[in-house]
Amino acid sequence: MPHFVYILESEKDGSYYVGQTQNLLERLERHNQGRSKATKSKRPWRLVYSEEYPDRSAAVARENSIKRKKSRDYIDFLVRASRQ
């Protein structure tokens, strides 16, 4: 079953959230319903980037790779590149 790495942008303050899931639409809905403690205070969120992986372990590895960079510039780069 495919998994996705995704980046959300808060419409409230422009901050980003990086995560992984099997179902992008359902996960976005959960974030916007306030059912995720980490993102509840910055709702609403919009999906600005996603990548598909063949399994959860690959998606988790990519999610951790993005998070380890601790770089808003890198996330901005990913988002901009996906829009071209």
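Contact here means heavy atoms within 4.5 Å, and helices (H or I, at least four residues) and strands (E, at least two) are DSSP runs numbered from the N terminus. The model is predicted, so that local features need pLDDT of at least 70 and side-chain atom pairs count only at pLDDT 80 or more, while totals for chains, interfaces and linings use all residues. Residues are numbered from 1 along each chain as its sequence is written, and side-chain values use heavy atoms, with hydrogens and water left out.

**View A. Helix α2 and its buried face.** The buried residues of α2 are Ala-59, Arg-62, Glu-63 and Ile-66, where buried means under 20% relative accessible area, exposed over 50% and partly exposed in between (1.4 Å probe, protein chains only). Seen down the axis of α2, these buried residues fall within an arc of 100° and so line one face of the helix, the arc being that of the directions from the helix axis to the C-beta atoms. The cover over the buried residues of α2 includes β1, β2, β3 and α3, whereas the face turned away from the buried side carries the exposed residues Ser-57 and Arg-68.

**View B. The loop after α2.** Lys-70 follows α2 and is found in the loop between α2 (56–69) and α3 (72–83). The phi of Lys-70 is near 45°, a positive value in a residue other than glycine, and at 76% relative accessibility Lys-70 counts as exposed.

**View C. An aromatic cluster.** Ring pairs link Tyr-6, Tyr-17 and Trp-45 into a cluster; rings of Phe, Tyr and Trp (its six-membered ring) pair if their centres lie within 6.5 Å, and planes under 30 degrees apart count as stacked, over 60 as edge-to-face and the rest as tilted. A search of the whole structure finds 3 aromatic pairs. Tyr-6 and Tyr-17 form a tilted pair, with 6.3 Å from centre to centre and 40° between the planes. Because Tyr-6 lies in strand β1 (residues 3–10) and Tyr-17 in strand β2 (residues 16–21), this pair ties together parts that are 11 residues apart in sequence. At 2% relative accessibility, Tyr-6 counts as buried.

**View D. Lysines over tyrosine rings.** The charged end of Lys-67 sits over the ring of Tyr-17, 5.9 Å from its centre, a charge being placed over a ring if NZ of Lys or CZ of Arg is within 6 Å of the ring centre and within 35 degrees of the ring normal. Lys-69 lies over the face of Tyr-74, at 5.0 Å from the ring centre.
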